Each structure stands twice: as structure tokens, then as C-alpha cells.
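Start with the structure below.

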Amino acid sequence: MCPSRRDPTTTLAELSPDLRPAFDVLDSDHDGRISLTDLKRFYSDLATPAPISDEEIAVMISTADADQNGFVDFDEFESVLTQRKRENGALMEVFRLMDRDGDGKVGFEDLKAHLQMVGMRVGDEEVKAMIEMAGGALNGGVTFDGFENLLHGGF
């Protein structure tokens, strides 16, 4: 097996050895579950340029709330975050494949070559527009964070 590939039998504990402190920070009333009120309190304490709405917080809760009881318990929290880690591992492999020159960015030549390799014929302006959409126009290419943000968002 290639060392960069994760074993699909990897346990949650191996992927997330210590998520409890992060959970405890969000669980502001320490009742063992994260509620809308807990997240509102957490986000109100942060210096964010734009406040997060109740609707956005409700979406975060519902995304992780597997049993649909209106709260996120530790097992649900851990499950969501470890799933993200697994997805990010797969995304990193795709990103590395696209980053043909290995500079940590998917630039114009990288993206154009990758798109051609997968059978997509696109013009130079379309490739430039894709890079710009992912935030890579100013720094010579799309970083992994930009790539991930383009494909994700969230909790």
C-alpha cells in the first residue's frame, strides 16, 4: 500500500485522538451536547467580520445531528470531524495529483494538463477563470486550502 493512502479500517480513535477538548469548548454549558445556544455563544465570543446567523448555526447543528434530536453529542461531533479528515485525505491525494510540479499550488499549467488528461478540452481563459474562482489568481495558483474551500465549506 502507498504510504500516503489511509487504511480504510482506520478507527475513529486513530483519526481523532483528542477531539474532546474541542467539543468541550463548544459545549459551553457543559451538558454533554452542543446546542444552538452553545454555538451562538461560541460565535458571539469570536471577533468575526460578519455575525453568523441563527439559520447558519442551525444548519451546522443539523449537519452533525445524526439522531435528529436538535443537539450534537460527542459521538456525532467526532463522526463528522473524522469523516472530514478522511475526505481531506482523499482531497489531498487528488490535489497532489493535480500539482504536477510539486510546488504546493495548482497553477495554470497544472490545471490545464490535468483537465486534458481527464478528457476535458478547455481554453486558456476557462482555465484562468477556474483558478480565479478558487482564489488562486493572486498567488500563482490554487493552494490546498483554496481547493478544499472550493469543494467544501462548514462546521
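D124 and K112 form a salt bridge, with their closest N and O atoms 2.4 Å apart. A salt bridge here is a side-chain nitrogen of Lys or Arg within 4 Å of a carboxyl oxygen of Asp or Glu. D124 lies in helix α7 (residues 124-133) and K112 in helix α6, so the pair ties together parts that are 12 residues apart in sequence. Helix α6 covers residues 108-117. Helices (H or I, at least four residues) and strands (E, at least two) are DSSP runs, numbered from the N terminus. The side chains of K112 and D124 also count as a polar contact (2.4 Å). That term means a pair of N or O atoms within 3.5 Å; within protein, one must be able to donate a hydrogen and the other to accept it, and residues adjacent in sequence count only if both atoms are side-chain atoms.

This is a predicted model: local features need pLDDT of at least 70, side-chain atom pairs count only at pLDDT 80 or more, and totals for chains, interfaces and linings use all residues. Residues are numbered from 1 along each chain as its sequence is written, and side-chain values use heavy atoms, with hydrogens and water left out.

Leaving aside neighbours within four places in sequence, K112 is in contact (heavy atoms within 4.5 Å) with V122, D124 and V127.

**Salt bridges**

The whole structure holds five salt bridges.

| Pair | Closest N to O distance |
|---|---|
| E125 and K128 | 3.6 Å |

E125 and K128 are three residues apart in helix α7, so about one helical turn separates them. How open are these side chains? Buried means under 20% relative accessible area, exposed over 50%, partly exposed in between (1.4 Å probe, protein chains only). E125 is exposed, at 58%. K128 is partly exposed, at 43%. D124 is partly exposed too, at 35%. R33 counts as partly exposed at 32%, and D31 at 38%.

What does D38 pair with? D38 sits in helix α3 (residues 36-45). D38 is buried yet has no salt bridge; the nearest side chain of opposite charge, R41, is 4.1 Å away. For charge, Lys and Arg count as positive and Asp and Glu as negative; His and the chain ends are not counted. The D38 side chain does make a polar contact with the side chain of S28 (2.9 Å). Beyond four places in sequence, D38 touches L26, D27, S28, D29, D31 and R33.

**Nonpolar cores**

A nonpolar core is a set of buried Ala, Val, Leu, Ile, Met, Phe, Trp, Tyr and Cys residues joined through side-chain atoms within 4.5 Å. The largest has 14 residues, of which I34, L39, V72 and F77 touch the most other members. Two or more residues come from each of α2 (20-26), α3, α4 (54-64) and α5 (74-98). Helix α4 gives the most, with four. V72 touches F23, R33, I34, I61, A64, D65 and F77, residues up to four places away not counted. Another core lies apart, with 13 residues, among them L91, L115, V127 and F147.

**Confidence**

The chain averages a pLDDT (the predictor's confidence in each residue, from 0 to 100) of 80, and 83% of the residues score at least 70. Confidence is lowest in helix α1 (residues 12-15), at a mean of 45, and highest in strand β1 (residues 33-34), at 96.
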